[in-house]
Amino acid sequence: VARKVAVDKFRGKKHTVKLRCNCGESFVTQLDFRKNYRKTTDLQGTYRITSSGAGGGGPMTVVNLSKNGIGFSVSGLHTIKVGQTANVDFILDNRKSTRINKEVIIKTVDANRIGCEFVSHQAFEKDFGFYLQP
């Protein structure tokens, strides 16, 4: 039996909640209040840290995309930090194999999973917008 619960009271606050199933089992889930649809992907590409005084980069796997940002994973050790800027370069798996090359700001670093926001002054490619449609 499903039950709807209002979660607006958690917006901007606690994003992890404990739920209990009718069978008696409890589990923890994370709430996600996103402004835009996030598409799950598995695209290969590269990243390069562009912040002054920082360097580095290498291969990445784009795990999700939205109109405003990108989530990617890296393997091995890295020195990526929140607040750094980077350049990401990857090819969409669409018919045209559209190349995406964008500047991003690192927003989250969780081990080897990196969350970024696209720098807002960049043009939004038509093919990219079409690719993101659910």
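Trainee: Which charged end sits over the ring of tyrosine 131?

Mentor: A charge sits over a ring if NZ of Lys or CZ of Arg is within 6 Å of the ring centre and within 35 degrees of the ring normal. Here that is lysine 39, with its charged end 4.0 Å from the ring centre of tyrosine 131. Lysine 102 does the like with phenylalanine 118, at 5.5 Å from the ring centre. Keep in mind that this is a predicted model, where local features need pLDDT of at least 70, side-chain atom pairs count only at pLDDT 80 or more, and totals for chains, interfaces and linings use all residues. Residues are numbered from 1 along each chain as its sequence is written, and side-chain values use heavy atoms, with hydrogens and water left out.

Trainee: How many aromatic pairs are there?

Mentor: Rings of Phe, Tyr and Trp (its six-membered ring) pair if their centres lie within 6.5 Å; planes under 30 degrees apart are stacked, over 60 edge-to-face, and the rest tilted. The count here is two. One of them joins phenylalanine 118 and phenylalanine 128, edge-to-face, with 5.9 Å between centres and 80° between planes. Phenylalanine 118 belongs to strand 8 (residues 113–118) and phenylalanine 128 to helix 1 (residues 126–131), 10 residues apart. Those elements are DSSP runs numbered from the N terminus: helices are H or I with at least four residues, strands E with at least two.

Trainee: Is phenylalanine 118 buried or exposed?

Mentor: Buried means under 20% relative accessible area, exposed over 50%, and partly exposed in between (1.4 Å probe, protein chains only). Phenylalanine 118 has 8%, so it is buried, and phenylalanine 128 is buried too, at 0%.

Trainee: How many disulfides does the structure hold?

Mentor: You look for a pair of cysteine sulfur atoms within 2.5 Å. The structure has zero. Cysteine 21 is partly exposed at 35%, whereas cysteine 116 is buried at 6%.

Trainee: Which residues lie nearest the centre of the second largest pocket?

Mentor: On a 1 Å grid over the protein atoms alone, a pocket is an open set of points where a 1.4 Å probe fits, with protein on both sides within 12 Å along at least five of seven lines; lining residues have an atom within 4 Å of a point. Here, Arg3, Val5, Lys18, Leu19 and Arg20 lie nearest the centre, out of 15 lining residues. Strand 1 (16–20) and strand 2 (26–30) each give two or more residues to that lining, and strand 1 has the largest share, four residues.
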